[in-house]
Amino acid sequence: MGRAYGPIDGVSADIVMADKDKDEGVVLTEAQQRARRSRSIAIALALAALVILFYIMTLVKGPAVLVRPI
């Protein structure tokens, strides 16, 4: 597979990239941004709580975790 030299179908990559930069995409309102941030914080806290729970459970079980019948 080779590289295309020059415009393809009369459209150069510069024109396509320039059009892409102008695209704003979805613009969220202030309320939507606050809701997204709140959800992100809630997910981060839940993940941190789960990590702490696993760590504590590992400490409670101790080295007995590795002693088990095969």
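The protein chain has two helices and zero strands, where helices (H or I, at least four residues) and strands (E, at least two) are DSSP runs numbered from the N terminus. This is a predicted model, with local features needing pLDDT of at least 70, side-chain atom pairs counting only at pLDDT 80 or more, and totals for chains, interfaces and linings using all residues. Residues are numbered from 1 along each chain as its sequence is written, and side-chain values use heavy atoms, with hydrogens and water left out.

Let's look at H2. Its 32 residues should span 46 Å at 1.5 Å a residue, and the end C-alpha atoms, 47 Å apart, agree with that; the expected span is 1.5 Å times one less than the number of residues. Just after H2, Gly62 takes a positive phi of about 65°.

Now for burial. Of the chain's 70 residues, 0% count as buried, meaning under 20% relative accessible area, with exposed over 50% and partly exposed in between (1.4 Å probe, protein chains only). Leu53, found in H2 (residues 30-61), counts as partly exposed because its relative accessibility is 45%.
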